[in-house]
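Work through the exercises below with the sequence and the model at hand. Each task is followed by a solution in steps.

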Amino acid sequence: MQPRNMSMSGVVDLAAVKAAGEAKAKAEQARAEAARQAAQGGGAVPAAGAVPPSALVIDVDEAGFERDVLQLSAEVPVVLDFWAEWCEPCKQLSPLLERLTVEANGRLVLAKVDVDANQTLMQQFGIQGIPAVFAVVAGQVLPLFQGVAPEQQIRETLAQLVQVAEERFGIIGIEVDPTAEGVAPAAEAEVPAGPYDALLEAAVAALDAGDLGGAVQAYKNVLSDDPGNTEAKLGLAQAELLVRVQDMNPQAVRTAAAENPRDPAAQIAAADLDLVGGHVEDAFGRLVDTVRVTFGEDRDAVRLRLLELFEVIGADDPRVSAARTALARVLF
C-alpha cells in the first residue's frame, strides 16, 4: 500500500486508480460474500443494514485498518483524515469533513487517523505534512489533497470521488437511518435566519445598474452568513463571470485561443466568452478538451474554472451533468 505523495493542495488527483475492472470485481465479490453470509443467517438479505449518522465518522487505528477501511471500502468510499491534536489546521479541516460526510448521507464514510498514535500508517501513506486526506475505494488508495482547502473545493472533490466510486466500481454507499439517534433528517434542518432577501435584491439591483463590484460584494455578504445559499452562489458566479469578460476584446481572445490550443489562459478566457454568449456546450467542451492536454497547475487552473462555470449554469442543468461526466473521463 504505497500511494503517490501528494504535490498539489486541494486538487482532485485520482490518476492513481489502476485496474478499475479488477477493483470493481473485488467490490462485487465482497458484496456477494456479505449477502451470502446474511442469507445463511436466515431471513431477508439486506444490501447493508441502515446505520445512524454517527457511524459515518469513525476513528481508525493500525490494528483495525483492514477491517474498518479496506473491507468497508467495498461498500462505500472511505475518506481518510490524517490529523493530530497539536495540528491547528486539522482543527479547521476535520469538523468540515465530518459535516460534509454526514451531509453525503451514506455515500461516504470518514475515517480519522491520529498520526501520533499510528506512525506506521503515516509512513505507509508517505505523509510528510498534515492535515492530509486520502480516499480508499474498493481497496484502492487515492490521494485527494493536503492542507486546508476552501469548502466549495472540498465539496467538489468529494462529489467527484462519489461519482468515480459509482461509475467505475459500482459502489453506491450505505443506507443511513437519521431517526436511529433521534436526529432529524437534513431536509428538516433549521434554516439560518438573516436578511437574505434584502441582500439578494440589492445584488440584483446592482447588476441592473451595471455595478458589478457591488453585486459581487452583496452576494458575498449573503454567503458569509449562509455558505449554502443556492441563489447567492449562482448570482456570485454569474457576477464574477461578467466582471472577467467586461474588458475583453472578443476578437483578440478568440484569435489567441485558436492559435494556442494548449494555452490554459487563452482557452479559459475564450470559454468565459462562450458562456456569456450562450454557447454553453462550447464553453464546457473547450475546457474539458484543455484539461485533456494539460498537466499539473495548468490542468488544475482549467478544471477549477470549469467548476466555476458549472456554478453559473446550475447543478441541475443536464449540460452540467454531461460535462461533469466528460470531465471525470478525462481526469480518471
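**Exercise 1. Overall content**

How many helices and how many strands does the protein chain have? Describe also its burial, contacts and surface.

Solution. The model is a predicted one.
- Step 1: the protein chain contains 13 helices and five strands.
- Step 2: of its 332 residues, 43% are buried.
- Step 3: take the contacts with a separation of 6 or more; 71% of them are between residues 24 or more positions apart.
- Step 4: the accessible surface is about 16400 Å², and carbon and sulfur atoms account for 52% of that surface.

**Exercise 2. The pairing of β3**

In which sense does β3 pair with β1 and with β2? State the hand of the unit formed by β2, α3 and β3.

Solution. 
- Step 1: β1 and β3 are parallel, with three bridges. Isoleucine 58 faces alanine 111 of β3.
- Step 2: β2 and β3 also run parallel, joined by six bridges. Here aspartate 81 has lysine 112 of β3 as its bridge partner.
- Step 3: five of the six residues of β3 are buried.
- Step 4: the β-α-β unit made by β2, α3 and β3 is right-handed.

**Exercise 3. Methionine 122**

Is methionine 122 buried or exposed, and which residues does it touch?

Solution. 
- Step 1: methionine 122 sits in helix α4 (residues 119–124).
- Step 2: the cut-off for buried is under 20% relative accessible area. Methionine 122 has 18%, so it is buried.
- Step 3: leaving out residues up to four places away in sequence, methionine 122 touches Phe82, Val115 and Ile127.
- Step 4: phenylalanine 82 is 40 residues from methionine 122 along the chain, yet their C-alpha atoms are separated by 7.8 Å.

**Exercise 4. Aromatic pairs**

Why is the pair of phenylalanine 65 and phenylalanine 125 edge-to-face? Name the aromatic cluster that contains Phe65 and Phe125.

Solution. 
- Step 1: ring centres within 6.5 Å make a pair, and planes over 60 degrees apart make it edge-to-face. The count by this rule is five aromatic pairs.
- Step 2: for phenylalanine 65 and phenylalanine 125 the centres are 6.0 Å apart and the planes are at 75°, so this pair is edge-to-face.
- Step 3: phenylalanine 65 belongs to helix α2 (residues 65–71) and phenylalanine 125 to the loop between α4 and β4, so the pair ties together parts 60 residues apart in sequence.
- Step 4: phenylalanine 65 is buried at 4% relative accessibility, and phenylalanine 125 is buried at 0%.
- Step 5: phenylalanine 125 also pairs edge-to-face with phenylalanine 134, at 4.9 Å centre to centre and 75° between the planes. Both phenylalanine 125 and phenylalanine 134 are buried.
- Step 6: Phe65, Phe82, Phe125 and Phe134 make up one aromatic cluster.

Technical notes. Residues numbered from 1 in each chain as written. Predicted model: local features only at pLDDT ≥ 70, side-chain atom pairs only at ≥ 80, totals over all residues. Heavy atoms only, no water. Helix = DSSP H or I, 4+ residues; strand = E, 2+ residues; numbered from the N terminus. Buried < 20%, exposed > 50% of the residue type's maximum accessible area, 1.4 Å probe, protein only. Contact = heavy atoms within 4.5 Å. Areas by Shrake-Rupley, 256 points an atom, 1.4 Å probe, with all protein chains shown as cover. Pairing = 2+ DSSP bridges. Right-handed = clockwise from strand over helix to strand, strands pointing away. Phe/Tyr/Trp six-rings, centres within 6.5 Å; stacked < 30°, edge-to-face > 60°.
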